[in-house]
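The sequence and structure come first.

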Amino acid sequence: MEVVHKKSAVSFSVQRPGTRMSVAEFTQWLGSMDSNDDGVISKKELEKAIKGLHLLFPAWKTKQAFAAVDSNDNGLIDTDEELKELIEFAQTNWGLVIYEDE
Ligand SMILES: [Ca+2]
């Protein structure tokens with residue numbers, strides 16, 4: 001799977017509480033939290049992203065997520081595999097609905 005880092009004009013509101021999004025929207029959501037724009041997601045950036053969705057316990061969720069998906073243990077979501085794991089983790093543990101783009 002490709003990580004989408006393109007700054008497209010697609011509008012995507014992180015405010016909606018429905019937390020239903022496509023894989024593209026999810027990666028875009030994460031990308032929008034990539035504050036230093038280095039193409040990887042740090043713990044701090046993920047925590048900010050979770051706060052943006054108004055989910056409870058963002059610090060704890062971030063810790064759990066990294067423990068589960070950061071397989072090379074470098075404190076960053078920096079591979080496609082880790083991103084894929086994060087998507088699955090978010091669905092299983094955070095109640096997000098992330099569907100494949102057609
Ligand atoms: Ca990593």
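Among contacts in the chain between residues at least 6 apart in sequence, 45% join residues at least 24 apart; two residues are in contact if their C-beta atoms, placed from the backbone, lie within 7 Å. This is a predicted model, in which local features need pLDDT of at least 70, side-chain atom pairs count only at pLDDT 80 or more, and totals for chains, interfaces and linings use all residues. Residues are numbered from 1 along each chain as its sequence is written.

**Chain**
- Four helices and four strands make up the secondary structure, where helices (H or I, at least four residues) and strands (E, at least two) are DSSP runs numbered from the N terminus.
- Their order along the sequence is β-α-β-α-α-β-α-β.
- Of the 102 residues in the chain, 21% are buried (20 or more other C-beta atoms within 10 Å of the residue's own; exposed means 12 or fewer, partly exposed in between, with C-beta atoms placed from the backbone).

**Ser22**
- Ser22 belongs to strand β1, residues 20–22.
- Ser22 counts as partly exposed because 15 other C-beta atoms lie within 10 Å.
- Leaving aside residues up to four places away in sequence, Ser22 touches Ile98, Tyr99 and Asp101.
- Ser22 and Tyr99 are 77 residues apart along the chain, and 4.7 Å separates their C-alpha atoms.

**Helix α1**
- Phe26, Thr27, Gln28 and Leu30 are buried in helix α1, residues 23–32.
- The cover over the buried residues of α1 includes strands β1, β2 (41–42) and β4 (97–99), together with helices α2 (43–52) and α4 (80–94).
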